[in-house]
Amino acid sequence: MISPVARERWIKFSRNLNLQLGLFMLGLLVFAIFVFPVLIAHDPLAVDFDSALIPPGADHWFGTDDLGRDVLARVAAAGLVDLQVVTVCVFVPFVIGSTIGLVSGYIGGVVDTLLMRLVDILWAFPFYVLVISIVGALGPSVGNMYLAFSMVVWISFARIVRGEVLLAKRQEYVQAAQVLGFSHIRIMARHVLPNVITPAIVFMMADVVLTILGVTSLGFLGLGIQPPTPEWGVMIAEGRNFILDGWWVSLFPGLAIVYVGITFTLLGDGLDDFLRPKG
Amino acid sequence: MLIEPLLEIRDVSKTFPQPRTLLEVLARQPKRTLHALRGVSLMLRPGETLGIVGESGCGKSTLGRCLAGLHTPEGGEILWRRQPLSDIRRADRSRRIQMVFQDPYSSLNPRMTIAQMLDEVLFVHAPSMSSAERRDRTDSLLQMVGLSPGLKNRLPHAFSGGQRQRISIARALALEPEVLVADEPVSALDVSVQAQIINLLESLREKLGISIIFIAHDLNVVRHISHRVAVMYLGQIVETAATETLFGNPQHPYTQALLSAIPVPDPDIRSLQVGVQGELPDPLSPPPGCGFSTRCPFVMDKCEKPIPEFFDSGGEHHVRCIRAHSSTFSVPA
């Protein structure tokens with residue numbers, strides 16, 4: 001027998017077009033990144049000057065770049081690189097920021113004031129200037145990019161979660177848990193966190209879009225992932241010198257970025273509806 | 001007294017500091033405090049229901065929260081069988097005093113099923129119970145409050161307000177407390193459902209021998225369920241007595257005004273309206289004397305200060321009014 005809760009979830013999911021479409025597009029993306037490179041014969045790093053700048057056709061679906069590398073193979077390989085980077089740059093700040101927001105909001109008082117002033121200070125810095133200066137000072141590498149994003153992005157999650165915690169703390173179910181003598185860790189983990197994390201998860205989806213733009217922008221500027229590693233921003237930068245002769249070199253990585261953006265926007269909207277409790 | 005009181009509240013006070021604006025801080029204005037409880041003394045016997053009434057803002061909820069441990073009183077003490085409540089550990093206290101909240105729509109965690117909620121209480125407080133024992137106990141708790149255990153795997157939104165309040169009661173009684181603080185448990189419910197919840201509380205009190213502190217502003221409800229009633233006004237108790245004494249022979253002008261405001265469903269009976277003018281005084285700066293002096297129709301110069309003492313008019317009927325002291329006022333011997 002299916003539990004009533006699981007049944008309700010299924011009904012909710014079956015009516016949620018955004019979430020269904022978002023998951024379908026995400027599935028397609030995962031397929032393109034993990035399965036597709038195995039199926040196509042081209043090596044994303046193999047240089048072949050004889051077949052430079054071939055337009056899209058039967059052999060090279062997305063064409064080849066100025067060094068004769070297959071653009072489709074490179075877009076797929078870059079997807080793996082970009083999504084890895086994005087996962088770390090979004091998930092680590094999500095965990096850190098949500099924890100800080102949860103504890104800060106729940107404890108309140110001086111701890112809360114100090115942490116939130118720190119957030120205010122970081123908030124006041126222009127995001128890209130801060131990221132670029134961190135990467136610029138420490139040198140362009142994937143590790144430094146992780147560090148730069150993790151230092152900056154957690155504040156958004158901390159703010160969102162803290163605000164929700166302040167609202168949840170006034171709810172009588174949190175007070176009931178206190179009267180029932182539960183430990184504060186239990187109250188935070190079981191009674192507050194599940195009721196405050198939804199906006200952070202929804203923001204995480206939006207943040208994936210922002211981060212993919214950030215990471216590709218850094219790649220484009222030469223401050224992120226370094227060539228010859230395929231990366232969408234790097235690929236767009238490489239193609240811009242012959243955009244008129246070989247438009248496909250820049251176009252397809254650009255479309256990949258747009259595709260990821262739409263996918264996670266849909267997922268964010270869908271999850272917002274799906275995770276919000278009834279009544 | 002023959003029966004030792006379960007809870008003794010002695011001269012408890014509680015204030016809430018009001019936040020100052022930046023301008024007030026710069027102008028070095030003194031911090032203002034809201035006096036929610038001003039020297040409240042009460043006692044509760046085992047197995048009795050004590051009603052606490054008063055208009056909103058009089059501090060009755062604050063008193064309930066102090067008992068449940070949600071607020072810490074600043075002055076006075078609360079004794080549990082002669083032991084200060086503040087010496088009792090949080091977990092032990094929660095096994096003695098439990099609370100039912102006002103709003104059934106916010107008092108249940110919307111992400112937990114009823115079974116999870118009750119199971120958690122047992123899991124935390126009785127680690128020796130096996131999961132099968134906890135399941136049996138959950139079922140019997142739900143049956144005790146008149147709900148079918150078949151519904152336990154649902155989330156709170158599947159239940160009506162009355163059902164949710166039953167769930168709240170089951171959760172509070174899972175620890176077999178001796179005192180249940182019910183903070184306006186029926187004011188958010190439909191009238192027809194109110195009676196069901198009141199009768200449930202009443203039968204549970206008889207069956208389990210618990211004491212109930214019933215906080216409400218509906219006098220008819222309080223009269224129905226309480227053995228004794230305390231009337232609060234502006235953070236103070238102004239009159240306490242056995243229910244029938246208080247309703248039959250109210251002595252404080254505020255109590256008289258409250259009772260005369262109960263609508264009588266008979267147009268031929270015109271209630272003796274004891275007039276009360278004006279609003280509740282600002283609890284940030286309560287009057288120096290009798291709290292009710294600003295609205296009392298019988299106010300005298302003597303009322304303006306100091307705060308009148310309690311007057312025992314016999315048979316556990318206490319009144320905080322100087323008119324009760326005077327000989328012109330009839331007092332039963």
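At what angle do the axes of α4(A) and helix α11 (residues 247–275) of chain A cross, and within what distance do they come?

Analyst: Before the numbers, keep in mind that this is a predicted model. The axes of α4(A) and α11(A) cross at roughly 35 degrees and come within 10 Å. As for the hand of that crossing, α4(A) passes α11(A) in a right-handed way.

Now zoom in on the side chains. From α4(A), the residues that take part are Val71(A), Val75(A), Ala78(A) and Gly79(A). Facing them in α11(A) you'll find Trp248(A), Val249(A), Phe252(A), Pro253(A) and Ala256(A). Sorted by class, the contact of α4(A) with α11(A) has eight nonpolar residues, one polar residue and no charged ones.

Let's follow α4(A) itself for a moment. This helix covers residues 71–107 of chain A, 37 residues in total. From its first C-alpha to its last, α4(A) reaches 53 Å, close to the 54 Å expected at 1.5 Å a residue. Just after α4(A) comes Gly108(A), with a positive phi of about 70 degrees.

Stepping back, what is the rest of chain A made of? Its secondary structure comes to 11 helices and zero strands. The C-alpha atoms of the chain fill a box of roughly 75 × 55 × 25 Å along the principal axes.

Helix α5 (residues 109–124) and helix α7 (residues 142–169) of chain A pack at about 130 degrees, their axes 10 Å apart. The two helices are therefore oblique to each other, and their crossing is left-handed. On the α5(A) side the contact uses Val119(A), Leu122(A) and Trp123(A); α7(A) brings Val152(A), Ile155(A), Ala158(A) and Arg159(A). That contact of α5(A) with α7(A) counts six nonpolar residues, no polar ones and one charged.

On the chain B side, 25 residues are in contact with 19 residues of chain A. The elements of chain B that give two or more residues to that side are α3 (90–96), β6 (97–100) and α4. The largest share, four residues, comes from α3(B). By class, the side of chain B that touches chain A has 10 nonpolar, 10 polar and five charged residues.

Helix α4 (residues 114–125) and helix α5 (residues 131–144) of chain B meet at an angle of about 120 degrees, with their axes 9 Å apart. That makes α4(B) oblique to α5(B), and α4(B) passes α5(B) in a right-handed crossing. The α4(B) residues in this contact are Ala115(B), Leu118(B), Asp119(B), Leu122(B) and Phe123(B), while α5(B) supplies Arg134(B), Arg137(B), Thr138(B) and Leu141(B). By class, the contact of α4(B) with α5(B) has five nonpolar, one polar and three charged residues.

Chain B has strands too. Four of them form an open sheet in the order β2-β1-β4-β5, with antiparallel pairing. At the edges stand β2 (33–44) and β5 (83–84) of chain B, each with a single partner strand, so one side of each has no neighbour in the sheet.

Going across that sheet, β1 (residues 7–17) of chain B pairs with β2(B) over eight bridges, and Phe16(B) stands opposite Leu34(B) in β2(B). β1(B) also pairs with β4(B), over five bridges, with Leu7(B) opposite Trp80(B) in β4(B). Trp80(B) turns up again at the next step: its bridge partner in β5(B) is Gln83(B). β4(B) and β5(B) share two bridges, and their hairpin has two residues between the strands. In that hairpin, Arg81(B) takes a positive phi near 45 degrees.

Finally, look for helix α2 (residues 60–68) of chain B. This helix lies across β1, β2 and β4 (75–80) of chain B, and α2(B) runs at about 65 degrees to β2(B).

Technical notes
Residues are numbered from 1 along each chain as its sequence is written. Chains are lettered from A and ligands numbered from 1 in the order in which they are written. This is a predicted model: local features need pLDDT of at least 70, side-chain atom pairs count only at pLDDT 80 or more; totals for chains, interfaces and linings use all residues. The expected span of a helix is 1.5 Å times one less than its number of residues. Axes are lines fitted to C-alpha atoms, for helices over the stretch in contact, and angles run from 0 to 180 degrees between N-to-C directions. Angles under 35 degrees count as roughly parallel, over 145 as roughly antiparallel, 65 to 115 as roughly perpendicular and the rest as oblique. A crossing is left-handed if the near helix is turned anticlockwise from the far one by less than a right angle, and right-handed if clockwise. Two residues are in contact if their C-beta atoms, placed from the backbone, lie within 7 Å. Ala, Val, Leu, Ile, Met, Phe, Trp, Tyr, Cys and Pro count as nonpolar, Asp, Glu, Lys and Arg as charged, and the others, Gly among them, as polar. Two strands pair if DSSP finds at least two bridges between them.
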